[in-house]
Amino acid sequence: MRATYSTKEASDITGASTAAIRAYTAAYARYLSTEATPDPGKSRRFTSADLKLIAFVYQLGERENAKREQVLDRLAAGDLDQFTWQPPVEP
C-alpha cells in the first residue's frame with residue numbers, strides 16, 4: 001500500500017467526488033492528517049487513515065443522508081473506530 005494518495009486517487013478509491021473531498025477537508029480538517037490539510041499552495045495528499053475517514057463520511061451521507069453535524073457527532077462518539085472499510089490492496 002502506498003504512503004499517500006492524490007485527491008483524484010482518493011476519489012477513485014472511496015467513491016466520493018473530488019469536489020466532495022475538497023469539502024470534507026474543510027469540514028473535517030481536525031480529523032485529517034496534515035498532508036490532507038496542507039498550507040495554501042501545496043497539494044493535498046491523503047493517507048490510508050484519511051481515506052478511511054473520507055469513505056466513512058461519504059457513506060454516512062449516501063446511505064443515511066447524514067448532515068455535517070450528525071457526522072461530527074458520530075466522529076466525536078468514536079464511530080470511525082468501528083468502521084471496517086479498508087482501501088483496496090494494490091496488485
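D79 is partly exposed, with a relative accessible area of 24%. Here buried means under 20% relative accessible area, exposed means over 50%, and partly exposed lies in between (1.4 Å probe, protein chains only). The model is predicted: local features need pLDDT of at least 70, side-chain atom pairs count only at pLDDT 80 or more, and totals for chains, interfaces and linings use all residues. Residues are numbered from 1 along each chain as its sequence is written, and side-chain values use heavy atoms, with hydrogens and water left out.

D79 forms a salt bridge with R74, and the closest N and O atoms of the two are 2.5 Å apart. A salt bridge is a side-chain nitrogen of Lys or Arg within 4 Å of a carboxyl oxygen of Asp or Glu. Side chains of opposite charge can pair when their charged atoms come close. R74 is partly exposed, at a relative accessible area of 29%. Salt bridges that share partners join E64, R74 and D79 into one network.

R74 also forms a salt bridge with E64, where the closest N and O atoms are 2.9 Å apart. E64 lies in helix α3 and R74 in helix α4 (residues 68-76), so the pair ties together parts that are 10 residues apart in sequence. Helices (H or I, at least four residues) and strands (E, at least two) are DSSP runs, numbered from the N terminus. E64 counts as partly exposed, at 48% relative accessibility.

How many salt bridges does the structure hold? The structure holds 3 salt bridges. One of them joins the side chains of K8 and D12, at 2.8 Å from N to O. K8 and D12 are 4 residues apart in helix α1, and about one helical turn separates them. D12 counts as exposed, at 53% relative accessibility.

Which residues of helix α1 (residues 7-14) are buried? They are T7, A10, S11 and T14. Seen down the axis of α1, these buried residues fall within an arc of 100 degrees, so they line one face of the helix. The arc is that of the directions from the helix axis to the C-beta atoms. The face turned away from the buried side of α1 carries the exposed residues K8 and D12.

The buried residues of α1 pack against α2 (18-27) and α3 (48-64). Contact means heavy atoms within 4.5 Å. After α1 comes G15, whose phi is positive, near 90 degrees.

## T14

T14 is in helix α1 and is buried, with a relative accessible area of 9%. The side chain of T14 reaches the backbone oxygen of A10 at 2.7 Å and the backbone nitrogen of A16 at 3.3 Å. Such a polar contact is a pair of N or O atoms within 3.5 Å; within protein, one must be able to donate a hydrogen and the other to accept it, and residues adjacent in sequence count only if both atoms are side-chain atoms.

Leaving aside its neighbours within four places in sequence, T14 is in contact with I21, L51, I54, A55, Y58 and W85.

## Helix α3

Helix α3 has 17 residues and reaches 23 Å from its first C-alpha to its last, close to the 24 Å expected at 1.5 Å a residue. The expected span of a helix is 1.5 Å times one less than its number of residues. After α3 comes N65, whose phi is positive, near 55 degrees.

The buried residues of α3 are D50, L51, K52, L53, I54, A55, F56, V57, Q59 and L60. What covers them includes α1, α2, α4 and α5 (79-82).

## Aromatic pairs

The structure holds 2 aromatic pairs. In one of them, the rings of F56 and F83 have their centres 5.3 Å apart and their planes at 70 degrees, so the pair is edge-to-face. Rings of Phe, Tyr and Trp (its six-membered ring) pair if their centres lie within 6.5 Å; planes under 30 degrees apart count as stacked, over 60 as edge-to-face and the rest as tilted.

F56 lies in helix α3 and F83 in the segment after α5, so the pair ties together parts that are 27 residues apart in sequence. F56 counts as buried at 4% relative accessibility, and F83 counts as buried at 16%.
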